[in-house]
Amino acid sequence: MIGLTVFTIIPLILTFYIAQTKFPLSGAPKWIGADNYLAILNDPAVRTAVRNTLTFAVLSVPIKLVLALVLALLLNRATKMSGFYQTVFYLPFLMPAVAGSLVFMLMFSPGVGPVNVFLEFLGFSPPDWLLDPKVALWTVIILNIWPLGVETLVFLGGLQGIPKDVSDAADLDSPRPWQKFVWITVPLITPMILFNLVIGIIYSFQVFTQAIVFGGTTGRPAEATLVYMVLIYRAAFKYFNMGYAAAMASVLFGVVLLLTLLIFRTARSWVYYEGESR
Amino acid sequence: MTPVPDARKRRTAPRLLWQTVSYHGVMLLFAAIFLLPFFWMTISAFKTKAQIFADHITWFPNPIQWQNVVTLVTRDDFPFVRQFMNSVFYAGSVALAICFSCSLAAYSFGCLRWRGRNFVFILTVCALLLPGIATFLPTYIGWSKLGFNGTYVPLIAPALFGDAFFIFMLRQFFLGVPRELLDAARLDGASEFRIWWQIVMPQVRTALIIVGLFAIVYTWNEFFGPLIYLQKKEDFPLSVGLFTFQSGRSKEWPLAMAGAFFTALPMVVLFLFTQRLFRQGLNSRSLK
Amino acid sequence: MGSVELQGVRKLFGGLEVIKGVDLTVAERELVVFVGPSGCGKSTLLRMIAGLESVDYGTVSIAGRDVTELAPASRGVAMVFQNYALYPHMSAFDNMAYGLRRAGLPNAEVNARVKKTAELLQISELLPRRPKSMSGGQRQRVAIGRAIVRDPEVFLFDEPLSNLDASLRVEMRGQIARLHRELQATMIFVTHDQVEAMTLADRIVVLNSGRIEQVGSPLELYANPANRFVAGFLGSPKMNFVPAQVQGVVGETATITAAGLPTFAMPGITGGLKAGDAVTLGLRAEHLSLSPSPVQIPATVRMYEQLGRETVLFVDAGAVQSIESEGGSGALTLQMNQPMAVEIGQSLTLGFDPARAYLFAPDGSRCSARRSVLPG
């Protein structure tokens with residue numbers, strides 16, 4: 001038994017260590033030291049990709065969390081339709097990434113998809129989602145926000161975990177409902193917020209499938225959807241520049257790791273812990 | 001005390017009614033928005049190309065192009081059926097492997113006691129947080145050198161070693177197995193392996209099914225792995241197949257939609273039949 | 001401190017009416033206890049006063065103001081919960097300060113009030129600590145402190161002592177009584193424990209299935225229960241109920257017969273009884289005596305409980321069968337206020353004075369005479 005479990009850990013750790021020896025190119029391993037890293041800093045494509053990825057993460061994670069929380073609050077009422085609603089909101093999670101991306105491309109196509117039709121109906125003049133570089137990334141963002149089933153369920157679990165007594169006491173003490181929300185409800189679900197935040201960040205920094213379906217390896221249109229992962233992929237499998245790709249990957253890893261640690265560090269101060277979570 | 005006759009009208013009725021109506025109204029609106037992509041995908045799958053790109057939107061295909069389906073399965077350059085089977089094979093094997101390996105690991109973490117157990121477990125959980133990018137490149141190079149590039153081996157083998165996420169999930173369930181059961185078995189002289197197989201596994205059957213389901217859904221939608229390891233169209237699972245088909249021919253939208261539709265359909269159907277289990281699986285996870 | 005008035009209050013859950021028309025006035029500075037069996041609606045009623053449950057029909061007024069439509073926080077009530085309901089992520093100080101801060105009071109005043117209340121309850125050392133690190137009794141006092149600090153019109157207590165162990169319960173009971181006197185506060189207290197009700201209340205409200213059975217002072221309810229339900233609910237050991245029949249009524253005296261009992265007369269009967277009516281005779285355990293009495297019954301001891309200060313005997317009295325007996329299958333319960341040497345199977349003669357007995361009409365209401373609350 002112990003042997004088997006060690007087996008599960010070793011590949012994980014091993015690959016991590018292998019990742020350390022990332023300098024050589026594939027095919028003809030050559031040691032070029034830190035040249036790759038320097039090249040990264042100078043590569044304009046990298047700058048664009050970083051900017052895109054950061055924008056993506058900074059926009060999609062908070063919006064998704066807020067929406068998930070709102071949805072969880074709405075779902076928290078027990079009505080006869082609750083089961084139905086939960087199913088509906090969880091369903092997008094199941095849409096395969098590729099399929100979903102394609103559908104979104106179609107839906108957001110001006111003149112073809114319903115999105116722009118609605119917007120025009122409401123009186124806006126909608127942009128060209130697919131071809132306008134300024135908004136193309138937004139399409140991917142929305143695509144990523146759409147499946148918020150998991151986050152919502154996590155929040156819902158948290159909300160339902162608040163004892164009714166405490167909720168009642170808060171009702172008696174809070175003249176305005178939003179006060180109860182800010183001071184009592186939110187602090188008590190901070191573990192869930194933390195969880196969703198970390199997962200969200202890790203995932204959004206590595207977004208790949210949606211971006212590549214949408215914009216190909218060039219980040220159509222005009223590199224607006226070129227995210228970091230796509231760039232890595234391109235470097236590794238299109239240009240076969242393994243070393244470079246590896247360097248990029250390690251940078252990303254470092255950043256994400258740092259960020260995660262940072263969040264956990266600060267978590268002490270703002271997350272409420274129930275006690276030992278066994 | 002005598003009850004008061006209906007002279008005092010039910011004070012809360014109008015306000016309550018309005019609240020309920022507006023609540024459901026909002027929820028239904030959201031629901032419609034959320035379901036829109038599914039709806040759109042379905043109707044587009046059965047339209048002609050002209051209809052998709054018509055000047056004004058058609059909400060319902062007319063006539064329903066059933067032959068899109070036929071074309072889909074008979075197209076040469078899009079070996080749909082083959083890829084579908086690939087997906088099934090891929091998802092199925094991974095799910096089985098996961099169930100096997102993760103339950104072993106979870107058993108070890110949850111039911112056995114050994115030194116450093118908690119430490120190793122924390123490490124495993126940290127692996128969860130480890131972004132996949134750190135490891136994929138060297139792993140890829142490794143597999144290529146071993147000559148397994150182009151097969152499903154690199155995609156399935158890791159599953160045999162366990163996945164941190166599922167280990168964590170299963171361990172929660174394993175922790176719930178009463179210790180007396182295990183102690184009794186040990187007293188009877190059963191080896192740990194036997195205990196695992198005959199005693200504990202039946203107990204956590206539901207958990208295994210849940211994990212299996214999650215693994216299936218996750219693998220079915222998996223894209224990156226197959227993308228980098230497989231080269232031939234016939235080998236692709238649906239996710240990659242759909243992608244290559246689409247990026248090759250950007251004009252064949254109805255077919256692409258049909259492909260998307262049938263890629264998504266099995267998952268949706270699976271979900272609808274096993275919802276309860278999905279939700280159970282997520283609920284016990286919210287203990288962080 | 002304010003009064004509370006309920007008029008025609010009704011509540012339905014789905015199709016089921018859980019509060020069936022309640023009219024009640026709680027005077028200023030009164031401590032009223034809602035008591036009744038599980039599911040009788042006492043907690044629901046309390047929560048309706050607090051605003052945590054909606055009122056379907058009728059009105060709730062506090063200190064003269066109609067609060068039926070108002071949010072809980074605007075009604076001027078404070079509540080102490082069975083599970084304390086302290087905000088787990090805040091210190092005791094913050095718990096108590098929360099309501100005041102949200103209401104907009106300046107910091108200086110908030111601090112002053114919290115400190116003063118903490119001293120009153122002797123929990124000043126607990127202020128910086130979190131609920132997690134406190135014992136049940138300590139948490140309860142913080143919860144009470146949180147209520148006091150708000151200076152409400154009415155204090156509501158929802159079975160606050162049920163989660164405490166026995167000795168702590170007695171101590172807290174005394175504390176609450178003391179608080180009531182010192183704060184001169186209007187309090188409504190919900191409990192299922194009749195001892196708590198009897199000891200704390202100025203007046204008791206007995207509830208059963210959503211209806212008020214009787215309202216009155218503890219002694220009044222004990223001496224003159226309005227119906228069989230109240231009679232059986234208050235008093236431990238429970239009152240003995242023996243089915244009987246009215247043989248005849250002359251003026252205000254009824255002649256009662258029952259299986260196994262000699263026929264006897266009961267004076268002061270009201271309620272329009274006639275010959276042939278099936279009635280219930282009510283005998284308190286402490287009114288059954290082993291000394292010579294007007295009505296005698298031979299019996300054998302089936303079981304007994306020696307409690308040191310008193311002895312409770314469960315006896316078989318032949319044809320005289322008691323309904324819903326605590327001694328099981330028809331046994332009569334006797335309470336003697338002294339320790340006694342007793343054996344199972346021992347024969348004895350017990351008796352009672354009809355003047356001390358109760359009579360309940362077929363519909364359950366009491367038809368025997370009202371008697372004075374205190375003996376003498």
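Tutor: One begins with pLDDT, which is the predictor's confidence in each residue, from 0 to 100. It applies here since this is a predicted model.

Student: What does chain B average in pLDDT?

Tutor: Chain B averages a pLDDT of 71, and 60% of its residues score at least 70.

Student: Over which residues of chain B does pLDDT stay under 50?

Tutor: Where pLDDT is low, the predicted coordinates should not be read in detail. In chain B, pLDDT stays under 50 over residues 1-9, for which the model has 16 contacts beyond four places in sequence. The value also stays under 50 over residues 284-288 of chain B, with 10 such contacts in the model.

Student: How many helices and strands does chain B have?

Tutor: Chain B has 14 helices and zero strands. Of its 288 residues, 39% count as buried. Among contacts in chain B between residues at least 6 apart in sequence, 75% join residues at least 24 apart.

Student: Which residues touch the most other members of the largest nonpolar core?

Tutor: In soluble globular proteins, nonpolar side chains tend to be buried together. The largest nonpolar core here has 244 residues, of which B:Val211 and C:Ile188 touch the most other members. Helix 4 (residues 80-111) of chain B gives the most to this core, with 14 residues. The core also draws at least three residues from each of domain 1 (4-64) and domain 2 (69-283) of chain B.

Student: How many residues does the contact take from chain A and from chain C?

Tutor: Chain A contributes 15 residues to the contact and chain C contributes 18 residues. On the side of chain A that touches chain C, the elements giving two or more residues are helix 9 (164-173) and helix 10 (177-188) of chain A. Helix 9 of chain A gives the most to that side, with seven residues. The residues of this side of chain A divide into eight nonpolar, three polar and four charged.

Conventions
Residues are numbered from 1 along each chain as its sequence is written. Chains are lettered from A and ligands numbered from 1 in the order in which they are written. This is a predicted model: local features need pLDDT of at least 70, side-chain atom pairs count only at pLDDT 80 or more; totals for chains, interfaces and linings use all residues. Two residues are in contact if their C-beta atoms, placed from the backbone, lie within 7 Å. Helices (H or I, at least four residues) and strands (E, at least two) are DSSP runs, numbered from the N terminus. Ala, Val, Leu, Ile, Met, Phe, Trp, Tyr, Cys and Pro count as nonpolar, Asp, Glu, Lys and Arg as charged, and the others, Gly among them, as polar. A residue is buried if 20 or more other C-beta atoms lie within 10 Å of its own, exposed if 12 or fewer, and partly exposed in between; C-beta atoms are placed from the backbone. A nonpolar core is a set of buried Ala, Val, Leu, Ile, Met, Phe, Trp, Tyr and Cys residues joined through C-beta atoms within 7 Å. Domain bounds come from an automatic or database domain assignment.
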